[in-house]
Amino acid sequence: MSIQAADTSVRTSIVVEAPISRAFKVFTEDFGSFKPAEHNMLKVAIAETVFEPKVGGFLYDRGVDGSVCRWARVLAYDPPNSVLLSWDISPQWQVEDDPLKTSEWEVRFIAETPHRTRVEIEHRNLDRHGEGWQGVREGVAGDQGWPLYLQRYANLFAKQR
């Protein structure tokens, strides 16, 4: 896995032993299986994380009490090559309702061989979050951010071997 942090963006990637179509499917359909349960803005435990696979869809957590926290919007959906989402989380780690104050994260899937795929995340325009945006950058680039998500995602494929 590699990670790079520019001023207003973070890039990280990992290689998984899976064909591109499977890598994309697992990322979008099983996002909740590798998203850490403690990454939760609800007042209750998360029952499920849902990734709506269409432009205009949401990435959201549903609580055990039925409450919902929509924390990302699907801006582009191009299976099995890429997906682009908003990051609707403020520097205070609360849901951000103003789309002008959100960043975006693109996930690209690149076939290295018929059975190996490189998955790249570029989280960009972090400065759109306004005051405190550097904390968002540090959070998503840090050990509990995208590197953790990608490692847990890659572990799903390792378990299947």
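**Pocket, buried residues and salt bridges**

Tutor: The lining of the largest pocket divides into nine nonpolar, five polar and two charged residues. This is a predicted model: local features need pLDDT of at least 70, side-chain atom pairs count only at pLDDT 80 or more, and totals for chains, interfaces and linings use all residues. Residues are numbered from 1 along each chain as its sequence is written, and side-chain values use heavy atoms, without hydrogens and water.

Student: What makes a lining residue nonpolar, polar or charged?

Tutor: Its residue type. Ala, Val, Leu, Ile, Met, Phe, Trp, Tyr, Cys and Pro count as nonpolar, Asp, Glu, Lys and Arg as charged, and the others, Gly among them, as polar. His39, Trp87, Ile89, Trp93 and Tyr149 lie nearest the pocket centre.

Student: Why is Ser86 called buried?

Tutor: Buried means under 20% relative accessible area, exposed over 50%, partly exposed in between (1.4 Å probe, protein chains only). Ser86 has 1% relative accessibility, so Ser86 counts as buried. Ser86 lies in strand E6 (residues 82–87); strands are DSSP runs of at least two residues, numbered from the N terminus.

Student: Is Arg124 buried or exposed?

Tutor: Buried, because its relative accessibility is 18%. Arg124 lies in strand E8 (residues 116–124).

Student: What makes the pairing of Arg124 and Glu106 a polar contact?

Tutor: A polar contact is a pair of N or O atoms within 3.5 Å; within protein, one must be able to donate a hydrogen and the other to accept it, and residues adjacent in sequence count only if both atoms are side-chain atoms. The side chains of Arg124 and Glu106 are joined at 2.9 Å. Ser86 and Asp88 also make a side-chain polar contact, at 2.8 Å.

Student: How do you know that Arg62 and Glu48 form a salt bridge?

Tutor: A salt bridge is a side-chain nitrogen of Lys or Arg within 4 Å of a carboxyl oxygen of Asp or Glu. For Arg62 and Glu48 the N to O distance is 2.7 Å. The pair links distant parts of the chain, strand E4 (residues 58–63) and strand E3 (residues 46–51), 14 residues apart. Arg62 is called partly exposed because its relative accessibility is 27%.

Student: Which residues form salt bridges with Arg108?

Tutor: Glu120 is one of them, with its closest N and O atoms 3.3 Å from those of Arg108. Glu122 meets Arg108 at 3.5 Å, N to O. Salt bridges that share partners join these residues into one network, which includes Arg11, Glu104 and Arg124.

Key. On a 1 Å grid over the protein atoms alone, a cavity is a set of points where a 1.4 Å probe fits but cannot get out, and a pocket is an open set with protein on both sides within 12 Å along at least five of seven lines; lining residues have an atom within 4 Å of a point. Helices (H or I, at least four residues) and strands (E, at least two) are DSSP runs, numbered from the N terminus.
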